[in-house]
Amino acid sequence: MSASMSSRLLSSIPNRSHILSRTHPGLRTRPFSTFRPTHNSAKSSPPPATSSSSPPPKNGAGRSAFLAVTFITALSAYALGSLFPPTPVSVLFPRPAPAPPSDPDSEESKNYVDELEKEMLSLPFLEELRKAPDAQDWYEARPYKYFDEERRVNNLTAGALRGPGKLALPPLVRARWDEKESLFVIHVGRGLCGHDGIIHGGLLATLLDETLARTAINNLPEKIGVTAKLSVNYRAPTMADQFIVIRTELVEVKGRKAEVKGTVQDLSGTLLVEASATFIQPRYAKLLNKAAIKQVMGAPPSDPHATAVHLADGEDLKALKGQQHSQHHPPDGEKKH
């Protein structure tokens with residue numbers, strides 16, 4: 001058979017694929033040479049129409065409501081997180097704070113300190129303590145407020161660290177008349193940070209050393225003491241630009257040694273730092289001006305303010321000894337005051 005006759009014979013045979021596509025519109029067809037329909041292919045249901053004129057699915061309204069709820073929830077979470085960020089976020093991304101006045105003697109600095117002083121004295125925390133049933137068992141004082149200016153420059157917390165953005169105010173202390181307990185209200189500024197927005201741990205240790213010392217010294221025989229041991233445990237970050245409360249308590253006194261403990265908290269009561277310390281009364285305690293030291297630490301309101309301050313930092317002990325001797329043994333013809 002010639003090639004032309006074979007071609008005409010094949011073209012006269014009906015296309016099986018074309019027949020199936022007419023009888024079963026939804027059936028996917030393949031070329032005649034490869035099509036192998038299964039026994040139940042004729043019973044297959046056609047797929048859903050996909051033309052643009054088809055109606056939307058019945059769950060379209062539910063999907064829109066879900067998206068709306070998700071968006072509102074995300075927006076609310078963002079707003080709450082911005083107002084009250086969790087601790088890790090506050091630590092890693094502290095909020096920017098306004099820079100305090102750079103010149104401590106400027107009018108701006110004085111106004112800043114005055115406003116901060118008013119805020120501290122009117123804290124609800126202090127107002128509640130002043131109205132408590134045992135309020136008469138406590139007194140208030142201001143350590144370093146009457147510190148001699150000539151000696152202030154040689155002091156860390158009363159001099160070098162004093163000023164707007166640092167320790168802007170002298171501490172306010174409320175202490176029991178028996179000196180067994182006390183609490184200090186202190187404002188800590190941005191200039192005291194280790195990590196941005198978080199107060200340096202060494203600064204907190206310094207504040208604890210001084211506040212614990214006050215309670216210990218007031219319970220030692222000669223009212224003089226030096227730090228022998230200080231143990232500090234940090235419980236949570238202490239954020240800057242806030243008032244903190246340091247509480248101290250006498251644990252035990254044995255001869256020339258006093259044991260004390262204390263905590264640092266924020267105004268909401270969150271525990272930030274715990275500490276304990278041992279203070280020893282030095283053997284040269286009798287040579288020092290105890291009244292002046294007590295005045296520097298914040299004497300009770302009934303005590304007169306000393307006009308001069310003599311501490312052990314660099315003083316000539318022989319000169320102090322001569323001064324003490326002249327006070328106890330005035331020259332002949334003079335009366336002892």
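Analyst: What follows is a set of questions on labels and the values behind them. The model is predicted.

User: What makes Ser 109 buried or exposed?

Analyst: Its relative accessibility is 0%. Buried means under 20%. Ser 109 therefore counts as buried. The residue is found in helix α5, residues 107-121.

User: Why is the pairing of the Ser 109 and Ser 106 side chains called a polar contact?

Analyst: The two side chains are 3.1 Å apart in this contact. The cut-off is a pair of N or O atoms within 3.5 Å. The value of 3.1 Å therefore meets the distance limit.

User: How do you know that Lys 118 forms a salt bridge with Glu 115?

Analyst: Their closest N and O atoms are 4.0 Å apart. The limit is within 4 Å. The pair is therefore listed as a salt bridge. Lys 118 and Glu 115 are 3 residues apart in helix α5, so about one helical turn separates them.

User: Is Lys 118 buried or exposed, and what makes it so?

Analyst: Lys 118 has a relative accessible area of 54%. Exposed means over 50%, so Lys 118 is exposed.

User: What makes Glu 140 and Arg 174 a salt bridge?

Analyst: The closest N and O atoms of Glu 140 and Arg 174 are 3.0 Å apart, and the limit is within 4 Å. Glu 140 lies in strand β1 and Arg 174 in strand β2, residues 172-176, so the pair ties together parts that are 34 residues apart in sequence. Both residues also belong to a salt-bridge network with Glu 127 and Arg 130.

User: Why are β2 and β3 called paired?

Analyst: They share 4 bridges in the antiparallel sense. Pairing needs at least two bridges, so β2 and β3 pair. Val 173 stands opposite Phe 184 in β3. The two strands form a hairpin with 4 residues between them, and Glu 179 in the turn has a positive phi of about 65°.

User: What makes β3 largely enclosed?

Analyst: 7 of its 8 residues are buried, so the rest of the structure largely encloses β3. Strand β3 is also joined to β5 by 8 antiparallel bridges. There, His 187 stands opposite Phe 243 in β5.

User: Which strands stand at the edges of the sheet, and why?

Analyst: The open sheet has 7 strands in the order β1-β2-β3-β5-β6-β7-β4, with antiparallel pairing. β1 (138-141) and β4 (226-234) each have a single partner strand, so one side of each lacks a neighbour in the sheet. On average, neighbouring strands are turned by 20° against each other, direction ignored.

User: What makes Ile 72 exposed?

Analyst: Its relative accessible area is 53%. The threshold is over 50%, so Ile 72 is exposed. Ile 72 is found in helix α3. With Phe 71 and Leu 75, Ile 72 makes a nonpolar surface patch of about 340 Å².

Conventions. Residues numbered from 1 in each chain as written. Predicted model: local features only at pLDDT ≥ 70, side-chain atom pairs only at ≥ 80, totals over all residues. Heavy atoms only, no water. Axes fitted to C-alpha atoms, helices over the stretch in contact; angles between N-to-C directions. Buried < 20%, exposed > 50% of the residue type's maximum accessible area, 1.4 Å probe, protein only. Polar contact = N/O pair within 3.5 Å; in protein donor to acceptor, adjacent residues only side chain to side chain. Patch = residues over 30% accessible without salt bridge, like charges linked within 9 Å, V, L, I, M, F, W, Y side chains within 5 Å. Areas by Shrake-Rupley, 256 points an atom, 1.4 Å probe, with all protein chains shown as cover. Salt bridge = Lys/Arg side-chain N within 4 Å of Asp/Glu carboxyl O.
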